[in-house]
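Please examine the sequence and the three-dimensional structure shown below.

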Amino acid sequence: MKALSIRNLKKTYASGLVAVKGIDLEVEEGDFFALLGPNGAGKSTTIGIICSLVNATSGEIKIFDADLRKQTQLAKSYIGLVPQEINFNQFETVFNIVINQAGYYGMPRKEALKQTEYCLKLMQLWDKKDTVSRRLSGGMKRRVMIARAMVHKPRLLILDEPTAGVDIEIRRSMWETLQEVNQQGTTIILTTHYLEEAETLCRNIAIINQGEIVEDTDMQGLLARLDEAHYVCDLKVALSEVPVISGYHIERDNDLQLSVSVSKSVSLNDLFKGLSEAGIEVLSLKNKSNRLEQLFLDLIHQ
Ligand code: ADP
């Protein structure tokens with residue numbers, strides 16, 4: 001089953017700014033999915049729409065079997081959202097923050113008590129249950145946010161840049177926690193602009209840039225493609241057939257030009273040798289810019 005399917009989603013803000021330009025996206029149940037993009041790409045807008053916090057201009061969204069527009073309450077009940085900013089009352093105890101959220105979802109008291117205990121234990125916060133939350137460390141506060149988002153047993157947990165501005169130790173411990181939550185069956189969608197985070201946690205990934213999905217693929221395939229170098233090869237004599245040289249992916253652009261993709265770990269000398277053995281004379285070999293790689297560089301250098 002699909003945990004999320006989005007069709008042709010658009011969002012234009014009142015200012016006239018088009019934040020989301022007709023995106024399609026699907027996330028399988030059980031997946032750990034990354035929505036990666038630079039600042040201003042449209043990640044939070046998309047998440048806001050999925051969580052019914054922002055109105056879409058047009059498009060269709062299904063959360064599991066619920067149509068977001070027609071069955072809003074049911075759709076919302078499937079989702080647990082961990083927003084970017086810590087937004088609980090810092091003068092409340094950890095226990096109350098979590099159990100009050102269960103009450104908000106209308107959970108009977110007995111079940112709420114059980115669920116609160118379960119979530120706080122899962123987040124290793126049970127021994128802090130009576131602590132006033134402002135006394136917690138930054139990492140613990142983040143875990144309270146996750147416990148609160150999970151108390152009503154959401155099937156889909158959405159985290160909006162959960163580790164933005166969080167130091168590396170806390171980030172790593174959050175990664176472990178999230179992996180455990182996913183292993184216990186909860187589908188997770190995570191927005192981030194850290195490639196490392198997406199790489200560590202996620203099986204599938206979509207990259208959003210300027211309101212458009214520019215990649216939607218599995219993590220392994222994406223990393224393999226990032227590891228490729230691309231060249232344009234100008235030839236001296238026109239060529240009608242594409243040569244086959246093992247280790248290289250070669251395509252014919254026109255009679256006098258080939259495009260070559262090769263893993264960065266493979267030597268170019270072998271390419272020249274192979275071409276020359278095939279009787280092909282090369283005039284020049286130029287580096288072709290890789291849009292995907294450039295996008296990643298932009299992302300990770302923010
Ligand atoms: P991201 O989460 O990827 O950083 P956002 O979804 O927050 O991106 O923003 C996408 C674009 O929409 C940005 O250009 C941002 O300035 C704009 N935007 C976001 N929220 C609003 C709003 N409430 N009103 C007007 N423009 C907004």
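## Contacts with the ligand

A backbone N or O atom of Lys 43 lies 2.9 Å from an oxygen atom of the ligand; a polar contact is a pair of N or O atoms within 3.5 Å, and within protein one atom must be able to donate a hydrogen and the other to accept it, while residues adjacent in sequence count only if both atoms are side-chain atoms. A backbone N or O atom of Ala 41 is found 3.1 Å from a ligand oxygen atom, and a polar backbone atom of Ser 44 is 2.8 Å from an oxygen atom of the ligand. The protein covers 61% of the 560 Å² of accessible area that the ligand has on its own; such areas come from the Shrake-Rupley method with a 1.4 Å probe, and for residues only the protein chains shown count as cover.

This is a predicted model, in which local features need pLDDT of at least 70 and side-chain atom pairs count only at pLDDT 80 or more, whereas totals for chains, interfaces and linings use all residues. Residues are numbered from 1 along each chain as its sequence is written, and side-chain values use heavy atoms, with hydrogens and water left out.

## The shell and helix α1

Which residues are around the ligand? They are Tyr 13, Leu 17, Ala 19, Pro 38, Asn 39, Gly 40, Ala 41, Gly 42, Lys 43, Ser 44 and Thr 45, where being near a molecule or strand requires a heavy atom within 4 Å of it. The shell divides into five nonpolar, five polar and one charged residue. In this grouping Ala, Val, Leu, Ile, Met, Phe, Trp, Tyr, Cys and Pro count as nonpolar, Asp, Glu, Lys and Arg as charged, and the others, Gly among them, as polar.

Helix α1 (residues 43-50) supplies the largest share of the shell, three residues. Helices (H or I, at least four residues) and strands (E, at least two) are DSSP runs, numbered from the N terminus. Seven of the eight residues of α1 are buried, so the helix is largely enclosed by the rest of the structure. Buried means under 20% relative accessible area, exposed over 50%, and partly exposed in between (1.4 Å probe, protein chains only). The buried residues of α1 are Lys 43, Thr 45, Thr 46, Ile 47, Gly 48, Ile 49 and Ile 50. After α1 comes Ser 52, whose phi is positive, near 60°.

## Aromatic pairs

Rings of Phe, Tyr and Trp (its six-membered ring) pair if their centres lie within 6.5 Å; planes under 30 degrees apart count as stacked, over 60 as edge-to-face and the rest as tilted. By this rule the count comes to three aromatic pairs. Phe 64 and Tyr 78 form an edge-to-face pair because their ring centres are 5.4 Å apart and their planes stand at 70°. This pair links distant parts of the chain, 14 residues apart: Phe 64 is in the loop between β4 (58-63) and β5 (66-67), and Tyr 78 is in the loop between α2 (72-77) and β6 (79-82). Phe 64 is buried, with a relative accessible area of 3%, and Tyr 78 is buried at 12%.

The rings of Tyr 104 and Tyr 105 also have their centres 5.4 Å apart, and their planes are at 90°, so this pair is edge-to-face. Tyr 104 is exposed, at 64% relative accessibility, whereas Tyr 105 is partly exposed, at 33%.

## Charges over rings

A charge sits over a ring if NZ of Lys or CZ of Arg is within 6 Å of the ring centre and within 35 degrees of the ring normal. The charged end of Arg 155 sits over the ring of Phe 64, 3.9 Å from its centre. The charged end of Lys 129 sits over the ring of Trp 126, 5.0 Å from its centre.

## Individual residues

Asn 8 is not a glycine, yet has a positive phi of about 50°. Asn 8 belongs to strand β1 (residues 2-12) and is partly exposed, at 40% relative accessibility. Glu 161, also not a glycine, has a positive phi of about 45°. Glu 161 lies in the loop between β7 (156-160) and α6 (168-183) and is buried, at 6%.

Asn 254 is in strand β12 (residues 248-254) and is partly exposed, with a relative accessible area of 38%. The side chain of Asn 254 reaches the backbone nitrogen of Leu 256 at 2.8 Å and that of Gln 257 at 3.0 Å.
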